[in-house]
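This report describes the packing of a pair of helices, then the pockets and cavities, and finally the overall dimensions of the protein.

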Amino acid sequence: MLTESIARARLEENGQEHVFRFWDQLTGPERAQLLAQIESIDFRLMNRLVAEWVKSEPPEERFGRIDPVPVIPKGGGEDAREAWQAGEEALKQGRVGLLLVAGGQGTRLGFDGPKGAYPIGPITRKSIFGYHAEKIRNLQRRYNCSLPWYIMVSDTNHEQTRAFFEKNHYFGIEPGNVVFFEQRMVPCVDQDGKFMLDQPGCLAMNPNGHGGVIPAVVDNGIARHARNRGVDTLSYFQVDNWAVKVADPLFIGYHVMRAAMMSSKTHRKDKPREAVGVHCLCDGVYRVIEYTVLDLYPQLLETDSAGNLIHYAGSPAIHILDVGFIESLNANYDNFPWWRAHKKIPCLNERGERIEPREPNGYKFETFIFDALRFVTHDPVVLEIPRLGEYTPIKAYEGDNSVVAARESMRALWGGWLERAGFPVRRDTADKVAVDIEISPDFALNEQEFIERAKGHIYDALSDVAIGPDGRIENR
């Protein structure tokens, strides 16, 4: 543990001595907490970020040429069967692990707890974590394999997430196969680059972004754990996408066949300014251009003569990463790009009064996992996917990318499965499925599996219906 004298010296050396402003008022545990936060800070990094992003404006990146990234079509190309078989073989051999980013809270959903604990199931109230776990159970049964599930949490939700898994008996997953690990936190700074205090004995800090999974995988021994199990391929996804295929054999197969360092899925953007990054080649280098800076690159908003986006390849944040690639990125993490966000950050003023700002008053710094793609040296593997059944992120309760939209997608997806399996489904005058439907991913991961396993069952979706892991109706 850092001592008070060393902490004071470190703060003074870096122009942050105000952090100790309320030291004399703190209890023993509060002092220990503040010292632990100070010890965790990479001052060299913070000084660089303040110099580059607060005390000056970084130069805008400009490219001589931006080209569409080559994309493998939905369902794969001519070698799709070969890729599928390669992916299945990798699963059977135990080469695949799951890497889930789950550091967020459900605040924007109106939910007090980790976002993954949100009860997204409209009938069963099954959590997002529960849906992902049922997919894993299905895959492990199908391929007679063991899939280690690495879950990156944050300081703000680690204990809650672990407790939620314990309460739910790890959703039927072997507890030894579920490994939680924390990402790093970084201080928030004010307009002058000074650290902000959330409480007299607590700095205002934020997680270092989903790109923080790279050092976290190494720092917390996840890479070593994976290698010891024979895992060399990590299927990366984010917790808020309930529909994601957690370990897609086709995607894994293309990644393995092409000896890729990092692979990505893409979906067609539904509008030029959809709030997703854009996969492209910038002066020949693989990049994802974040949607917040699209105005710097107007060519990314252009359409062809038929009105279709030329740069249509949106980024749903679904990747596969080679364990060795993660280790090499971490070894050179000083070169990894950081981003600044101007935010409204609650904090204490000089008198110790709590401030709830109405306008942005400080900066948060974070990294993005898609920036790892610029370090890929092979030709990129980019597989196009449909939205329905693969990409329905949950960012808010209503509107685009919301709880409401996710439940609509459940009705559309599973209602179609039921109808094509020969079961009645009630629709409204606009031909939309008019009842809530849930089908356990443990029972069926896709339509083909559902049609096969539904034989001998009787389902009637003229009213709400939930089909459990054993294929029985389990409305509750």
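## Packing of helix 4 and helix 9

The axes of helix 4 and helix 9 cross at roughly 95° and come within 6 Å of each other; axes are lines fitted to C-alpha atoms, for helices over the stretch in contact, with angles running from 0 to 180 degrees between N-to-C directions. Helix 4 is therefore roughly perpendicular to helix 9 (65 to 115 degrees counts as roughly perpendicular). Helices are DSSP runs of H or I with at least four residues, strands are runs of E with at least two, and both are numbered from the N terminus.

On the side of helix 4, A80, E82, A83, W84, A86, G87, E88, A90 and L91 meet P249, L250, I252, G253, Y254, V256 and M257 of helix 9, where contact means heavy atoms within 4.5 Å. The residues of this contact divide into twelve nonpolar, two polar and two charged; Ala, Val, Leu, Ile, Met, Phe, Trp, Tyr, Cys and Pro count as nonpolar, Asp, Glu, Lys and Arg as charged, and the others, Gly among them, as polar.

## Basis of the model

The model is predicted: local features need pLDDT of at least 70, side-chain atom pairs count only at pLDDT 80 or more, and totals for chains, interfaces and linings use all residues. Residues are numbered from 1 along each chain as its sequence is written, and side-chain values use heavy atoms, with hydrogens and water left out.

## Second largest pocket

The second largest pocket has a volume of about 820 Å³. On a 1 Å grid over the protein atoms alone, a pocket is an open set of points with protein on both sides within 12 Å along at least five of seven lines, a cavity is a set where a 1.4 Å probe fits but cannot get out, and lining residues have an atom within 4 Å of a point. Grid points are joined across faces, edges and corners, and a volume is the space filled by probe spheres set on the points.

The lining of this pocket has 36 residues, of which W84, K245, L445, N446 and E447 are the closest to its centre. They divide into 21 nonpolar, four polar and eleven charged. Helix 12 gives the most, with five residues; helix 4 and helix 9 are among the elements that each supply at least two.

## Largest cavity

There is one cavity of 30 Å³ or more, and the largest cavity has a volume of about 40 Å³. Its lining consists of P68, V69, V71, H279, I310, H311, Y312 and A313, with six nonpolar, two polar and no charged residues.

## Overall dimensions

The protein has twelve helices and 22 strands. Its radius of gyration is 24 Å, close to the 23 Å that the globule rule gives for 476 residues, so the protein is as compact as a globular protein of that length; the radius is taken over C-alpha atoms, and the rule is 2.2 Å times the number of residues to the power 0.38.

Methods
Angles under 35 degrees count as roughly parallel, over 145 as roughly antiparallel, 65 to 115 as roughly perpendicular and the rest as oblique.
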